[in-house]
Amino acid sequence: MSPRTAKPRPAAPRRVRLLIATRKGLWTLTGDATRRTWKLAGPAFLGHIVHHAVLDPRDGKTLLAAARTGHLGPTVFRSTDGGRTWKEAATPPAFAPDSGRVVDHTFWLTPGHASQPGVWWAGTSPQGLFRSADGGATWEGVAGFNAHPMRKAWCGGDQDGTPDGPKLHSILVDPRDARHMYVSMSSGGTFESVDGGADWHPLNQGVRADFQPNPDIEYGHDSHCVRFAGGNPDRLWQQNHCGLFRLDRPGTRWTDIGTGMPKSVGYVGFPMVPHPHDPDTAWIFPMDGGSVWPRVSPGGKPAAYRTRDGGKTWKRQADGMPKAQAWWTVKRQAMTADAFPTVGVYFGTTSGEVWGTRDEGRTWRCLAAHLPHIYAVEVG
């Protein structure tokens, strides 16, 4: 286990704002400093699928939203005034005309390094990596990945992937080094670059691929979500189709941390949420890992699980959630945490509810209901 390098906890923010991307538009949910009173506003892009919406932490006002619209197709919208007005990207992410590939939707957005204002990264379905150097107004494919001679093998072909389509997600930029990056894919696994995306290599040792003839393969995994540990970018958390894993750099082999989960619940899920101040703490939200599809909560009893010891043990946290007959699940971008000294954690459900805790998961309450199917929740 890597040493604890958590930074001192910051002063409490004055409020928290959630960006809620749904199957039919984008809403915001704003709470006051107590996180007791919440106000819902929106929608923007009513009727459009919004896969992800992210605030640029470098200026605190630029927002990007990845949308799939009925008339424009897959695109990215940009706001420079906190979401009051929006403008479509002049050149949204698109594969080269001679590639034989077409972007179905932009799935993931990540702001660039603090030293590179205006740089953004995007992951698409099918798996592609794109970069913008002008705040999201225009996008170019990252040839180091999209044209890599191993790309097709890494991705399992151009049509493989999840039932909702193959996806490149979990784009991570090392806060200490803009050239050091990670991406993950469903399907494909996790990959690392040390030269700003010019070249990539697989980083999947120790991760199981139980659906493959050989579960111990170099690539071809189904990574669901990968995040930096709070306060320690040398630690990565991974929620995978085949388990829960942790990687402590400079090591290259992932540690299985799913064995502490109850066998009746299992380890399958989509989101992975690190505690922003404590590298040993993270949350997951399990779903049924059996033959049921679409997925449901295990036994109709949804719950978050938290570890405080690097994944050795996991504790069920469901006080305030329905005790039975609640079959919703939580998608990979639909769970997040704020930066208050006592951390608030939030998630959006496939049934259109937003839930939150202001005491690190000890108690939960529903903050908003009756929204469309929620794809992503991000603190903005």
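These legends describe close-up views of a predicted model.

**View 1**
Strand β16 spans residues 232-240. Eight of its nine residues are buried, so the rest of the structure largely encloses the strand. On one side, β15 (residues 221-229) pairs with β16 in the antiparallel sense. Six bridges make up that pairing. β15 and β16 form a hairpin, with two residues between them. G231 sits in this turn and has a positive phi of about 80 degrees. β16 also runs antiparallel to β17 (residues 243-248), again through six bridges. Here Q238 stands opposite F245 of β17. A hairpin through two residues joins β16 to β17. Strands of a sheet pair through backbone hydrogen bonds, either parallel or antiparallel.

**View 2. The open sheet β8-β9-β10-β11.**
Four strands form an open sheet in the order β8-β9-β10-β11, with antiparallel pairing. Its edges are β8 (105-111) and β11 (140-141). Each edge strand has a single partner, so one side of each lacks a neighbour in the sheet. β10 (residues 128-132) and β11 run antiparallel and are joined by two bridges. In one of these pairings, R131 has E140 of β11 as its bridge partner.

**View 3. H148 in a loop between two helices.**
H148 lies in the loop between α1 (143-146) and α2 (151-155). Is H148 buried or exposed? Its relative accessibility is 14%, so H148 counts as buried. Beyond residues up to four places away in sequence, H148 touches A143, W154, D199 and W200.

**View 4. E378 and H52 in contact.**
E378 belongs to strand β27 (residues 374-379). H52 belongs to strand β4 (residues 49-55). What joins the side chains of E378 and H52? A polar contact of 2.7 Å links the two. E378 has 13% relative accessibility and therefore counts as buried. H52, at 1%, counts as buried too. The H52 side chain also reaches the backbone nitrogen of L109, at 3.0 Å. Apart from residues up to four places away in sequence, H52 touches A21, L64, A65, A66, F107, W108, L109, Q333, A376 and E378. With neighbours within four places left aside, the contacts of E378 include R17, L18, L19, A53, V54, R227 and T336. Q333 is in contact with E378 and also touches H52. For scale, the C-alpha atoms of E378 and R84 are separated by 17 Å, and these residues lie 294 places apart along the chain.

**View 5. The largest nonpolar core, around M335.**
The largest nonpolar core has 44 residues. Within this core, L18, M321, M335 and F347 touch the most other members. Strand β20 (residues 282-286) gives the most to the core, with four residues. A second, separate core holds 17 residues, among them V142, F145, L168 and V183. M335 has contacts beyond four places in sequence that include P271, V273, W283, I284, F285 and A304. Also touching M335 are V330, V345, Y346, F347, W364 and V377. In soluble globular proteins, nonpolar side chains tend to be buried together.

**View 6**
How many aromatic pairs does a search of the whole structure find? The search finds 14. F347 is in strand β24 (residues 345-348), and W364 is in the loop between β25 (354-357) and β26 (365-368). The pair links distant parts of the chain, with 17 residues separating the two. Both F347 and W364 are buried. One aromatic cluster is formed by F285, W328, F347, W355 and W364.

**View 7. Arginines over aromatic faces.**
R101 lies over the face of F95, at 4.3 Å from the ring centre. R235 lies over the face of W237, at 6.0 Å from the ring centre.

Notes: Residues numbered from 1 in each chain as written. Predicted model: local features only at pLDDT ≥ 70, side-chain atom pairs only at ≥ 80, totals over all residues. Heavy atoms only, no water. Buried < 20%, exposed > 50% of the residue type's maximum accessible area, 1.4 Å probe, protein only. Pairing = 2+ DSSP bridges. Contact = heavy atoms within 4.5 Å. Polar contact = N/O pair within 3.5 Å; in protein donor to acceptor, adjacent residues only side chain to side chain. Core = buried A, V, L, I, M, F, W, Y, C linked by side-chain atoms within 4.5 Å. Phe/Tyr/Trp six-rings, centres within 6.5 Å; stacked < 30°, edge-to-face > 60°. Lys NZ or Arg CZ within 6 Å of the ring centre and 35° of its normal.
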